[in-house]
Amino acid sequence: MQTWRLDTARQTLCLGSENGGVPSVIYWGAPLPLTEDLSQVALAHIPDVAAGMLDETAALSLCPEAARGFPGQPGLQARDLNGARLLPRFTLARCTQKNGELSFQLTEAALGLALELELLADPDTHVIRATTRLHSDTAIVVDWLAAPVFPASQMAAEMVEFSGRWCGEFQTRHLPWAPGARLRDNGTGRSGHEHFPGLIVADPGCNNSSGTASAFHYGWSGGHRMLAEELADGRRQIQFGHASGSYAPGTEFETAPLYLTRSDQGLNACATAFQRHLRDRISPPVKTPRPLHYNCWESVYFNHNLKELKDIASRAAALGAERFVLDDGWFGRRDDDTTSLGDWVVDPRKYPEGLTPLIDHIKALGMGFGLWFEPEMVNEDSELFRAHPDWVLGPMDQPRGRQQLVLDMSRSDVVDHLYGQIAALLHDYDIEYIKWDHNRVLPGPSAAQTKGTYALLDRLRAAFPAVDIESCASGGGRVDFGILQRCGRVWLSDSNDALERMRIQHEAALFLPASVTGSHVGPRRCHTSGRVIDMATRAWVAAQRHMGFEMDPRELTGAEAETLSQVASWWKTNRDWMQQADILRLDHADPAVLAEMQLAQDGHRFVAFAGQRETSDQILPRPLRLTGLEPLARYEIELINRGDTPALSRGTPALKSVPLTLSGAYLMDHGLTLPWNLPQTIRVIEGRRT
Ligand code: DGJ
């Protein structure tokens, strides 16, 4: 058996190939000694053959093969153009290993196939990137191609995955492992509110700060397929790839990168590995310090009036906004969502002198200017559709979504046209930001469509490197490391309800750092939930990520405006270190509380946010246990929004009036006892190492 290993300080991954077959993961776990004899690990890995099985136990390899009797889903399912199933048995031709990268070249001479499996381990972030490529000498149909397949822990009792909906992204599901397969196959053509492409496999007892877990994310914006399968023999496999039907017949096929990591220190260690990897390795450079946004959508919707927008911009700037984003409604004859997508020309009825008067006003206020687009879409009521009805993706009798159709981004003429229109606006106006929306599902998944979008984004970024781009798809419908390689921010949800947002961004932190996660202060009465939430709560929730405002500033009372300005100014003072901080989710004994910390990279300071989402069952707050601190170090702890404490809190807990100095051991073991608080509020605690 040939063997290889990849190491980071947190893990060792060992692979073995028996008789020149496709390599398998023979160990993925805590770091092994460098002296470990891999041939012994390989021998120890050989499974038995027992009654009721074939006479050989086929390997759960990086690409399991049906032709070798693998009793679960194979890693490749392909047909020739006549529909005959291809049943490859690959042989290892070559392996190259350098700088944490392993690349296996395999061939299947009889079928004219070549397979490349690539694994790259990042020594600093602890994330492994795994990609599969397939070449065929003749055109074939690929129904399924998995990124390198990993075994799942047989110790785990459950898997954690994410579903969701519009305004309800990142709903965490805990599903029990059982014989058979858990399959997600997302045919929507985008990563999707419903199907965030991630999975966590946690051993029993794993929580945010302790225990063993492995975590997976498929970095693709076109919809993924995930299989978590337990075979009859008890082995378990995880497969990720493009959604069914994504590949057109051809000769070259490639998966997106599968990002994976593992930890023995709880979910937070996996989360911070992904957060850091995305922020430090994948995310494009963006303007710093990150400007505080104002977005006018929930303030004016399609009703653009220059005088009013100038007034709103002035008020937003006075509250602390540094970038004004003009949302949907500025182009074509876009008075509602039935018309004009595709006509990326300023509406002369609303802006007779173009956007210059508005931009000049915004710049004079010291803000930058951002503009909304939805480039991949078209309304039938548009000049573009009338000129090019053939540019539509899919049949004309397909159901509409938000009354719109999708452009076929695999066509170079479509991409060229969109590039021309967007580039003209970026040339003509001082635009530093694009909000790139995508408000409907596709008629079907298509890798070519996703690649066309990536190509357009890449071309615009190359030509306008100073323009930051945000990915939005009715909120969080396109959140993944593929789009985030091109966009420095995601609009995580259309829900500006602070209670919902607190939960959504908290769950999303299992993958996303604060630096890419947009969060806005919405209207007093939330437009999507109808809930009325206090300004302090709305502001502090937004201040946990990349902050912005989205309410109509004309609705604010003097007190609300003052609170908002104060929190905005706190955010500006702290944004530089917070954007680089690790978000650590806190386990709390009270289900009414949702808490997290942001810990500076050097560990010298942190801020903890404890959201009291509803009334607790018991009267007094349960302690808030912190994490990630040095047990022997001492920290000065201050409840910075103690002024918000309600009159019903009548006692004298010290934090209501003074800072405390406590050891990391105390804060992590006992935890902080906070004063009583009303539901729908948030406590903000700053800590500094003394
Ligand atoms: C959906 C987005 O998520 C909103 O923020 C807004 O930009 C609208 N589209 C505009 O149509």
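T8 is buried in this predicted model, with a relative accessible area of 7%. The residue belongs to strand β1, which covers residues 2–8. A polar contact of 3.0 Å links the T8 side chain to that of H126, and H126 has a positive phi of about 70° although it is not a glycine.

**T8 and H126**

- Beyond its neighbours within four places in sequence, T8 is in contact with P31, A121, D122, P123 and H126.
- H126 sits in the loop between β8 and β9, the latter spanning 128–145.
- H126 counts as buried because its relative accessibility is 11%, and the cut-off for buried is under 20%.
- T8, at a relative accessible area of 7%, is buried as well, so the 3.0 Å polar contact has a buried residue at each end.

**Ligand site**

- The ligand is surrounded by 13 residues, and the closest are D327, D328, K435, D437 and D494.
- The side chain of D494 has an N or O atom 2.4 Å from an oxygen atom of the ligand.
- The side chain of K435 has an N or O atom 2.7 Å from an oxygen atom of the ligand.
- N439 places a polar side-chain atom 3.4 Å from a nitrogen atom of the ligand.

- Strand β6 (residues 91–98) pairs with strand β7 (residues 101–108) in the antiparallel sense, over 7 bridges.
- Within that pairing, Q97 has L102 of β7 as its bridge partner.
- The hairpin of β6 and β7 has 2 residues between the strands, and N99 takes a positive phi near 45° there.
- Strand β7 also pairs with strand β8 (residues 113–121), again in the antiparallel sense, over 8 bridges.
- F104 has L117 of β8 as its bridge partner.
- The hairpin of β7 and β8 has 4 residues between the strands, and G112 takes a positive phi near 70° in that hairpin.

**Four-stranded open sheet**

- An open sheet of 4 strands runs in the order β10-β17-β16-β13, and its pairing is antiparallel.
- The edges are formed by β10 (150–151) and β13 (180–185), each of which pairs on one side only.
- The bridge partner of F150 in β17 is I238.

- Helix α2 has 16 residues, 267–282, and spans 21 Å from its first C-alpha to its last, close to the 22 Å expected at 1.5 Å a residue.
- Most of α2 is covered, with 13 of its 16 residues buried.
- P289 is in the loop between α2 and β20 (293–295).
- The peptide bond from T288 to P289 is cis, with omega near -10°.

**Backbone exceptions**

- Most residues other than glycine have a negative phi, and most peptide bonds are trans.
- Against that background, H126 has a positive phi of about 70°, and the T288 to P289 bond is cis.
- Q680 also has a positive phi, near 65°, and is not a glycine.
- Q680 is placed in the loop between α12 (664–669) and β35 (681–689).
- With a relative accessible area of 25%, Q680 is partly exposed, whereas H126 is buried at 11%.

**Cysteines**

- A disulfide is a covalent bond between the sulfur atoms of two cysteines.
- A search of the whole structure finds 0 disulfides.
- C63 is in no disulfide, as the nearest cysteine sulfur, that of C95, is 16 Å away, and a disulfide needs the two sulfur atoms within 2.5 Å.
- C63 counts as buried, with 2% relative accessibility.
- C472 is likewise in no disulfide, and the nearest cysteine sulfur, that of C487, is 10 Å away.
- C472 counts as buried, with 1% relative accessibility.

How values were computed:
Residues numbered from 1 in each chain as written. Predicted model: local features only at pLDDT ≥ 70, side-chain atom pairs only at ≥ 80, totals over all residues. Heavy atoms only, no water. Buried < 20%, exposed > 50% of the residue type's maximum accessible area, 1.4 Å probe, protein only. Polar contact = N/O pair within 3.5 Å; in protein donor to acceptor, adjacent residues only side chain to side chain. Contact = heavy atoms within 4.5 Å. Pairing = 2+ DSSP bridges. Expected span 1.5 Å × (residues − 1). Near = heavy atom within 4 Å.
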